[in-house]
Amino acid sequence: MGQFPIWPERAGAYAARLDFLYICLLVIAFLTAGLVIFLLAFFAAKYRHGSNADRSGTTKKTWRWEVGWTTISLLFFVGFAIWGARIYLRLYNPPPNALQIFIVGKQWMWKAEHPGGQREINELHVPAGQDVRLVMASEDVIHSFYIPALRIKQDVVPGRYETMWFRADKPGRYHLFCAEYCGTDHAHMGGWLTVLNAREYADWLRQQGGQQTLARQGQNLFRRYGCSGCHEPGGTVRAPELEGVYGSPVPLSDGSVVTADERYIRDSILDPKAQVAAGYAPVMPTFAGQLSEDDLAKLVAYIQSIGATKREGAR
Amino acid sequence: MSAPAAESYLSARIGIRSWLLTTDHKRIALLYFASITFFFAVGGVAATLIRLNLIVPEGLLGSPDLYNRLFTMHGVIMVWFFLIPSIPTTMGNFIIPLMIGARDLAFPRLNLLSWYLYIAGGVITVTALLLGGVDTGWTFYEPYSTFYATGYIILTIFGIFVAGFSSILTGLNFIVTIHKLRAPGMTWYRLPVFVWSTYATSLILVLATPVLAMTLLMLLAERVLHVGIFSPQLGGDPLLFQHMFWFYSHPAVYIMILPSMGVISEIVPVFARKPLFGYEFVVWCSIAIAAIGFLVWGHHMFVAGQSLYASLAFSFLSYLVAVPSAIKVFNWTATLHEGWIRFDAPMLYAFGFIGLFTIGGLTGLFLAALPIDVHVTDTYFVVAHFHYIMVGGAVMGYFAGLHYWWPKITGRYYPEYWARFAAILAFFGFNVTFFPQFILGYLGMPRRYQAYPPEFQIWHVLSSAGASILAVGYALPLFYFTWSILKGDRAPANPWEATGLEWTIRSPPPPENFDRTPTVVRPPYQYDRGKPCLQVGND
């Protein structure tokens, strides 16, 4: 207390771009509100009952005014809609080769799993100047991952993956909140985003100890749950091989084609009969209820990793 | 004009039965006034405790569960038991038949049934909230409400479900009344704008409320019987709930604001002694708002995980729905030009409405811009925005109308200077309460937080201080209106020199409203150099 903060910190270039739109809207809002309030006050003073102001000019052609302010409002509004949409589209186009971090929300904490196997709770460490892509899941209710300093937020809906991406440029510690009401300790479901420069980030990774990478842990689960029995060459049941699948188009038995992103992989593990690859029998059992979101993240990371090797090999 | 001995709807019959079994629209309106004031007070107590809790970062009341129940109670009571019924069931009920020259609403007994349904729903809901409350928020998001929420959810939802039928029947009653019971000569373009606004509101009530009823029934089916609809644990889709909920709840915002716009459109011409600028445009803007208002629900879901293309479309449509609101503000302002303006209490409330609604509407433009919404949705920015519309707009309009028609309803004047003081106090208190919340929101303070990081404290303290001023502004009318009923001066038939039919009969009106059916000869708000030209004619 004692000071009046008026502007949130900016941790990246996107925040500045958004602030510019916000400031322009602020200026226009202040001008419009100022005009309305000025006119109200001016008319109220000039045409107060008992004043001698001239009232002979009553115009009959009111429709000209109506058409005028309708058109001006409409033009401004359409302009804002387009400007906003252009910035928004950026959030839907993650750059390739972003650092991918799995986030799992549950009442009332955020868990992060880094590709190197590092894990943290209510903390997220990321390198400055590098694109980061979050693949997020919820174990219970809807949560919302919100970092005000980056001006981004995404609801995390249980039952499916949501993704978002950002690039933080300025090292520092920034608030991380849950923005969707999720129960008793909603206000305490948060922590800190720590943006580190390259050397500090390398140090931080090292200090976390030498775990297996997330993909490697996923490979172990791939064996333990028996996935490899069918999905690897020489299996007894004919099942799609998963090398190179990630990121590529998959023809389905109903004739449609889906891109094998993390959502498709997750759904195929939990509800395999929903989207069956063309040419295969729907014989895979469901793993719903057997795998935690943590284990799912590892399996998805493994399948992503063998997808990447295959494509790089082909090149 | 106002012979004190003349029979009025108040004195025609006496006794508790004459009130509880009445079919007189004016008496039913008073039943609503009493019950709505009660619910406003209940919601207000919850709001007071919320603002009290937020004075310190760790939360003054200590318990998160208590806080979560308080904001749920505040939202549920204020939305469904105060804001939505507020103007239509009180002033709408009382004034609409008088404005169009009718004896009563089209279905008087249905009107009484609406009140009983409203009371039944209210009693059920308040009981649930007092027994221990609900911690879902007024939005009942899924799968939280099915599997994780605690408290009397089934009872609360049932109460809202029952009250919904009151809304539907009230809307139906108004639509039929406005179509069928207009006096000779009262053409559509001679209707006062308040009638048009109530008509547009009624259309939304009838078309949107059933969707809420269905949604709540499905929620009950899922929570009680585990029928999988919304919860992924049962194979359902949480976004389906949000689509259905907002398909009702966004038009519900227009249910709250359209009647207030109607009240302001009555008051501004009367106190400017000039016709309403652009009558046809104001009227058709009401209809446009009601229509386009059904197509913008997805702007509550820009970060919820709906498709990119849906978000782009909903953003565009949200800008479109802002146009008619902007047109109305310009028309009210232009009405003042070359008027003979008086500053009685209703006009001060109307000025307050225009100022606050303008700020609320302009901040809506920020929220319709997709990337700004991503940052400020679910923060105090949204809280501030919708309070500017619903409290700054709808409640200011409610008080404006109350002060305007009070002499007609009770036959008494209220102390004018106290009323002006209350209007100014409410305006300042409101701004001190809610303007800091815009700043908090852009700083990133999420809503529904029982505790918060200490750097936000100063704005919360300011907001709570403003709320205490606002509370005085809202409590004052309770005292001077009570005084007015007991000791106020008698009011004549037309104290404001207005032109509508309701001002041609005694104050308070006789039980039968009009001695003989009036004939309407001209549009509303006609003034000849500041002198009123009544709508009613002699032939």
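## A buried residue in chain B

A residue counts as buried if 20 or more other C-beta atoms lie within 10 Å of its own. In this predicted model, B:Ile124 has 20 other C-beta atoms within 10 Å, and it is therefore buried. The place of B:Ile124 is in helix 5 of chain B, which covers residues 108-131.

When residues up to four places away in sequence are not counted, B:Ile124 touches B:Leu155, B:Phe158, B:Gly159 and B:Val162.

## The largest nonpolar core

In soluble globular proteins, nonpolar side chains tend to be buried together. The largest nonpolar core of this model has 258 residues, and those with the most contacts inside it are B:Ile264, B:Ile267, B:Ala350 and B:Ala400. The element that gives the most to this core is helix 9 of chain B, residues 238-272, with 20 residues.

Around B:Ala350, once its neighbours within four places in sequence are left aside, the contacts are with B:Ile264, B:Ile267, B:Val268 and B:Ala400.

## Chain A as a whole

Chain A has seven helices and twelve strands, and its C-alpha trace spans about 100 × 55 × 45 Å along the principal axes. Its radius of gyration is 27 Å, whereas a compact globule of 315 residues would have one near 20 Å. Of the 315 residues in chain A, 34% are buried. Among the contacts in chain A with a separation of 6 or more, 67% are between residues 24 or more positions apart.

## Confidence along chain A

The average pLDDT of chain A is 89, and 95% of the residues score at least 70. Within chain A, confidence is highest in strand 6 (residues 143-147), at a mean of 97, and lowest in helix 7 (residues 293-314), at a mean of 78. Over residues 311-315 of chain A the pLDDT falls below 50, and this stretch has one contact in the model beyond near neighbours in sequence. Where pLDDT is low, the predicted coordinates should not be read in detail.

Five strands of chain A form an open sheet with mixed pairing, in the order 3-2-1-5-8. Strand 3 (119-121) and strand 8 (162-167) of chain A stand at the edges with a single partner strand each, so that one side of each is left without a neighbour in the sheet. From one strand to the next, the twist averages 25°.

Strand 1 (residues 99-106) and strand 5 (residues 131-138) of chain A run parallel and are joined by seven bridges. Across this pair, A:Ile101 stands opposite A:Leu134, and A:Ile103 stands opposite A:Met136. Strand 5 of chain A is also joined by six bridges to strand 8 of chain A, and these two run antiparallel; here A:Val132 stands opposite A:Phe166. Because six of the eight residues of strand 5 of chain A are buried, this strand is largely enclosed by the rest of the structure.

## A second sheet and its helix

Another open sheet of five strands in chain A has the order 4-10-9-6-7, again with mixed pairing. Its edges are strand 4 (123-127) and strand 7 of chain A, each with a single partner strand, so one side of each is left without a neighbour in the sheet. Neighbouring strands of this sheet are turned by 20° against each other on average, direction ignored.

Within this sheet, strand 6 and strand 9 of chain A run antiparallel and are joined by two bridges, and A:Tyr146 stands opposite A:Phe177 in strand 9. Helix 3 (residues 198-207) of chain A packs on the sheet, where it touches strand 4 and strand 10 (190-196) of chain A, and its direction makes about 130° with that of strand 4.

## Where the two chains meet

The contact between the chains takes 69 residues from chain A and 70 residues from chain B. On the side of chain A that touches chain B, helix 1 (13-46), helix 2 (62-91), strand 6, strand 7 (152-156) and strand 9 (172-178) of chain A each supply at least two residues. The largest share of that side, 16 residues, comes from helix 2 of chain A.

Notes
Residues numbered from 1 in each chain as written. Chains lettered and ligands numbered in written order. Predicted model: local features only at pLDDT ≥ 70, side-chain atom pairs only at ≥ 80, totals over all residues. Helix = DSSP H or I, 4+ residues; strand = E, 2+ residues; numbered from the N terminus. Rg over C-alpha atoms; globule rule 2.2 N^0.38 Å. Buried ≥ 20, exposed ≤ 12 C-beta atoms within 10 Å, placed from the backbone. Contact = placed C-beta atoms within 7 Å. pLDDT = per-residue confidence, 0-100. Pairing = 2+ DSSP bridges. Axes fitted to C-alpha atoms, helices over the stretch in contact; angles between N-to-C directions. Core = buried A, V, L, I, M, F, W, Y, C linked by C-beta atoms within 7 Å.
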